[in-house]
Amino acid sequence: MTTIVKNISELVGVTAPDVLRRQGTEMSDVGLVRHAYLLIEDDRIAGYGSMTAMPQEADCVIDAKDCVVMPSFCDSHTHIVYAGQRDGEFIDKINGLSYEEIAARGGGILCSSDHLHATSEDELFAQSLSRVREMVAAGTGAIEIKSGYGLNPADELKMLRVIRRLREATPALIRSTFLGAHAIGRGYTHEGYVDSVIREMLPAVAAEGLADFVDVFCDEGFFTVADTDRILTAAHALGIRPKIHANELAVSGGVQVGVKHGALSVDHLERTTDAEIEALRGSTTMPTMLPGSSFFLGLPYGRAKDFVAAGLGVALASDYNPGSSPSGDMRFVMAMGCIRMRLTPEQALNACTLNSAYAMGVSDEVGSIAVGKRANVIVTSQPTLGRITYLHHTPFIAQHIVGGRVVSA
Ligand code: NIG
Ligand code: FE
């Protein structure tokens with residue numbers, strides 16, 4: 001089946017198929033084509049160009065009505081497989097408790113772990129699928145999902161099996177990450193838990209092929225650089241590449257240990273010094289910032305501008321989870337990239353599409369308008385990219401096409 005999207009005011013996010021990320025000054029380039037058409041064949045992007053050269057024949061024609069067409073969002077960092085909610089803690093937070101204080105009282109991640117333990121796999125799948133659908137309706141076409149609320153071998157595997165089922169149940173592209181080292185599970189000592197992650201959980205996850213990546217919450221009060229080093233060494237032996245939670249609560253050393261192990265991304269980065277920027281220079285690691293957590297927890301926003309000025313790329317992701325970012329809306333993430341992090345609309349778009357695709361290892365397949373890539377495309381209702389981020393809460397998705405098919409109107 002062929003589909004033509006016609007009368008596009010600005011076709012943005014256009015790249016050659018082999019451009020896998022954008023860094024430094026490249027982040028201002030969105031490959032803009034004005035007065036354009038886009039051709040989709042089955043589930044793939046087949047061509048694009050000026051309206052004057054538009055092919056005449058297609059099975060389906062969508063009129064973009066002089067509005068922007070852009071790649072679907074890629075969300076490279078989420079925790080959307082969870083059970084229940086944590087709105088009680090929300091009140092504690094309003095009353096002044098910090099994320100660390102809530103965790104120290106046995107709330108936080110451990111509270112979600114208790115809910116998850118008491119929830120069947122089928123029920124967990126149903127709750128998680130509704131979040132996937134909510135995200136797809138908000139323009140996201142690729143989602144990385146982490147485990148990390150199981151915190152024992154059986155429940156971590158339960159989470160990862162749910163992620164495997166989600167892959168089959170949605171047209172969005174899903175990648176999975178084993179985050180056993182998210183908090184110390186109940187009943188374990190710190191050392192005993194790290195040993196279980198390395199000796200029991202990782203081998204079982206690898207044997208079932210359940211994870212594309214491994215993650216560690218390398219931060220004050222959670223896992224040390226030494227723990228992270230051990231876990232990533234074990235994962236490397238099993239051929240699993242890291243993505244790391246780093247520098248959210250403190251300048252943790254997480255960035256450096258991530259880069260040392262060739263992490264695909266280091267995420268959070270609310271607290272970074274110039275040493276982290278130096279460590280990332282020349283690496284294959286994508287710095288990923290999560291403005292939804294900064295917003296919800298009242299933490300500093302990542303130094304995105306400084307990273308870009310240093311020649312680095314930046315990705316943005318939602319961190320959708322029940323404790324620090326209860327929203328998976330990448331429209332808001334992109335707007336905050338502009339409003340709170342002072343990225344230009346062009347830089348924010350690259351951060352939420354191509355660079356976030358890179359940060360979950362799928363930028364050869366999605367994240368830009370490129371011939372041969374999966375047709376994950378948003379037809380908007382605004383005439384310019386700048387207008388989309390400026391009118392930050394005006395709905396702008398007229399149609400969301402995922403894998404060549406319209407999923408929401
Ligand atoms: O990325 N910081 C660590 N993990 C999550 C929060 C998990 C939770 O509070 O449930 C995050 O913010
Ligand atoms: Fe996270």
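Reader: Into which domains is the protein divided?
Author: In this predicted model, the division gives two stretches of chain to one domain, namely 2-72 and 368-408.

Reader: How many residues does the contact take from domain 1 and from domain 2?
Author: The centres of domain 1 and domain 2, taken over C-alpha atoms, are separated by 29 Å. Between these domains there is a contact, to which domain 1 gives 34 residues and domain 2 gives 36 residues.

Reader: Which side chain has an N or O atom 2.7 Å from a nitrogen atom of ligand 1?
Author: Among the residues that come nearest to ligand 1 are His-182 and Glu-248. For the side chain of His-182, the distance from an N or O atom to a nitrogen atom of the ligand is 2.8 Å. The distance of 2.7 Å belongs to the side chain of Glu-248.

Reader: How much of the accessible area of ligand 1 does the protein cover?
Author: An oxygen atom of ligand 1 lies 2.8 Å from a polar side-chain atom of His-268. On its own, ligand 1 has 330 Å² of accessible area, and the share of this that the protein covers is 100%.

Reader: Where does ligand 1 sit?
Author: The shell around ligand 1 has four nonpolar, eight polar and three charged residues. The place where ligand 1 sits is the largest cavity.

Terms used. Residues numbered from 1 in each chain as written. Chains lettered and ligands numbered in written order. Predicted model: local features only at pLDDT ≥ 70, side-chain atom pairs only at ≥ 80, totals over all residues. Heavy atoms only, no water. Near = heavy atom within 4 Å. Polar contact = N/O pair within 3.5 Å; in protein donor to acceptor, adjacent residues only side chain to side chain. Areas by Shrake-Rupley, 256 points an atom, 1.4 Å probe, with all protein chains shown as cover. 1 Å grid on protein atoms, 1.4 Å probe; cavity = no way out; pocket = protein on both sides within 12 Å on 5 of 7 lines; lining within 4 Å. Sits in = over half its atoms within 2 Å of the grid points. Nonpolar A, V, L, I, M, F, W, Y, C, P; charged D, E, K, R; others polar. Domains from an automatic or database assignment. Contact = heavy atoms within 4.5 Å.
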